[in-house]
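Let's take a walk through a protein fold together, one piece at a time. Have the sequence and the 3D view ready, and look for each piece as it comes up.

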Amino acid sequence: MQFAKSIEKLRASEIRELMKLASDPSIISFSGGMPNNDLFPVDVMEKITQNLSIADKKKAFQYGPTDGIPALKESLAKYLQSKGLPLDGNKILITTGAQQAINLITKVLVDPKDRILTEDPSFIGGIAAFNSYDANVEGIAMDEGGINIAALENAMKNGEKPKFLYVIPYFQNPAGTIYSPERKIELLDFIEKHDLPMLEDDPYGELWFDEEVKGWVKPMKAIAAERQTVGAGFKPAPTYKDNIMYVGSFAKILGPGFRLGYMLAPSELVDKCELAKQSQDACSSTYTQVLASAYLQSGQLEPYLEALRPKYKKRAQIMLDALDKYMPKDQGITWTKPRGGFFVWATLPENIDSSDVFKIAVKNGAAFVVGRAFDPKGKKNNGMRLAFSGADENKIEEGVKIIANAVKEVLN
Ligand SMILES: Cc1ncc(COP(=O)(O)O)c(C=O)c1O
């Protein structure tokens, strides 16, 4: 077979091989960036399904509009407005997962060799989508407060103007970090100054662990719109134009199996994405859209999230306590302290290869994802993504101990 050039840049074979080693169900796995199976709202959804009208059930079996069924778009619009997101001048497109939203945005904006700036590390699915359009993906350093603005300024000076900046500001995948309120304002100033479009990817924002960060998950797209409002307490930005593409997902609040995500973005861009979507899947699953829409309308989302947050918070705390207890001290190993979401990101000394740690850990019964998967250039491999979301709560400490012992073995 003579494969297309566009497929050549897709990598991950090594990572896939490593993950195969971790497929044994007895392994304590911190690999999957997925919700916990035992926490899905199965019972509520069962009742909602039973209560659907015959007309809705028929609709669920049929094709639907490419941009999404009207009932879901309406309930989603209310939900997005409640976060302060601007609907004026923007449109909603329901997509087959946030992954498709990222893919469509890239498809309509990016030509081969165009630059895309991302956080470093960044979401593997985002990097893969960008690579599939042969973009030049460049990682920008981050710290616990978000992306480094000076490094961004530098990147703007060195090369052609990037097509967009891709960020996951709230409980990042893989780093687990959240942007500070100050950093969000600095970043908004930055993109306004450079007239740089930004893709704000927000699948985890609802999963905050404490009241303080609850206030920090307000989307930058919402803050940018507020900055236009006289009296909002901000200096009006005269050059402002809405060039933030906000992407969300039902995967982490309902279940990835629904395969539902969405974008809220400037209308002209959404129109193009809708055209592109027609040739990909015609429409996202009407069946799950009908269910998701009934779920949003039922008012069950907020009570569910209230019950969910402490469960993930507890898992995160167990993991952090175990890291404190078992990880070697004074050897240059650091890890993030997530205040929401699914992930802890550990950084080993630069000369340590996390694949070596992985192989020992898997032999002894625990797995994580090696850093290279999240490096925009696919090279740096001294990071480890430890997802606390999917593992059995009672096994987290044991899993961390196995991984910490593997780290010790590689360090020695
Ligand atoms: C940051 C980020 N964006 C997008 C996605 C894709 O979400 P979906 O399952 O809705 O396609 C994920 C899933 O892991 C993610 O972590």
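First, some ground rules. This is a predicted model, so to speak of a local feature we need a pLDDT of at least 70, side-chain atom pairs count only at pLDDT 80 or more, and totals for chains, interfaces and linings use all residues. Residues are numbered from 1 along each chain as its sequence is written.

**Two domains**

The protein chain is split into domain 1 (5-41 + 303-411) and domain 2 (54-300); such bounds come from an automatic or database domain assignment. Their centres, taken over C-alpha atoms, are 25 Å apart. Where they touch, domain 1 supplies 32 residues and domain 2 supplies 34 residues. Being in contact here is about C-beta atoms, placed from the backbone, that lie within 7 Å of each other.

Which elements give two or more residues to the side of domain 1 that touches domain 2? They are helix 14 (301-326), strand 11 (343-347) and strand 14 (383-387). Helix 14 gives the most, with seven residues. Helices (H or I, at least four residues) and strands (E, at least two) are DSSP runs, numbered from the N terminus. By type, this side of domain 1 has 18 nonpolar, seven polar and seven charged residues. In that count, Ala, Val, Leu, Ile, Met, Phe, Trp, Tyr, Cys and Pro are nonpolar, Asp, Glu, Lys and Arg are charged, and the others, Gly among them, are polar.

**Around the ligand**

Now find the ligand. It has 14 residues around it, and the closest are Gly97, Gln99, Asn173, Ser249 and Ala251. A residue is near a molecule if its C-beta atom, placed from the backbone, lies within 6 Å of it. This shell is made up of six nonpolar, seven polar and one charged residue. Helix 6 (residues 97-109) gives the most to it, with three residues.

Two strands pair if DSSP finds at least two bridges between them. Strand 6 (residues 164-167) and strand 7 (residues 198-201), for instance, run parallel and are joined by three bridges. In that pair, Val167 stands opposite Glu200 of strand 7.

Another open sheet has four strands in the order 10-11-14-13, with antiparallel pairing. Here the edge strands are strand 10 (334-335) and strand 13 (369-370). Strand 13 pairs with strand 14 over two bridges, and Val369 has Arg385 in strand 14 as its bridge partner.

**Helices that cross**

Two packed helices are described by the angle between their axes and the distance between the axes. Axes are lines fitted to C-alpha atoms, for helices over the stretch in contact, and angles run from 0 to 180 degrees between N-to-C directions. Here are two pairs to compare.

| Helix pair | Axes come within | Crossing angle |
|---|---|---|
| Helix 6 and helix 12 (residues 267-278) | 9 Å | roughly 105 degrees |
| Helix 3 (residues 42-51) and helix 13 (residues 286-297) | 10 Å | roughly 105 degrees |

That makes helix 6 roughly perpendicular to helix 12. Helix 3 and helix 13 are therefore roughly perpendicular to each other too. Angles under 35 degrees count as roughly parallel, over 145 as roughly antiparallel, 65 to 115 as roughly perpendicular and the rest as oblique.

From helix 6, Leu104, Ile105, Lys107 and Val108 meet Leu269, Lys272, Cys273, Ala276 and Lys277 of helix 12. This contact has six nonpolar, no polar and three charged residues. In the second pair, Met45, Ile48 and Thr49 of helix 3 meet Leu291, Ala294 and Tyr295 of helix 13. That contact has five nonpolar residues, one polar and no charged.

Most residues other than glycine have a negative phi, and most peptide bonds are trans. Now look at the loop between strand 6 and helix 9 (181-194), where Pro174 lies. The peptide bond joining Asn173 and Pro174 is cis, with omega about 20 degrees. Phe171 is found in that loop as well, and has a positive phi of about 60 degrees although it is not a glycine. The bond from Asp120 to Pro121 is also cis, with omega near 5 degrees; Pro121 is in the loop between strand 3 and helix 7 (124-132).

Terms used:
Contact = placed C-beta atoms within 7 Å.
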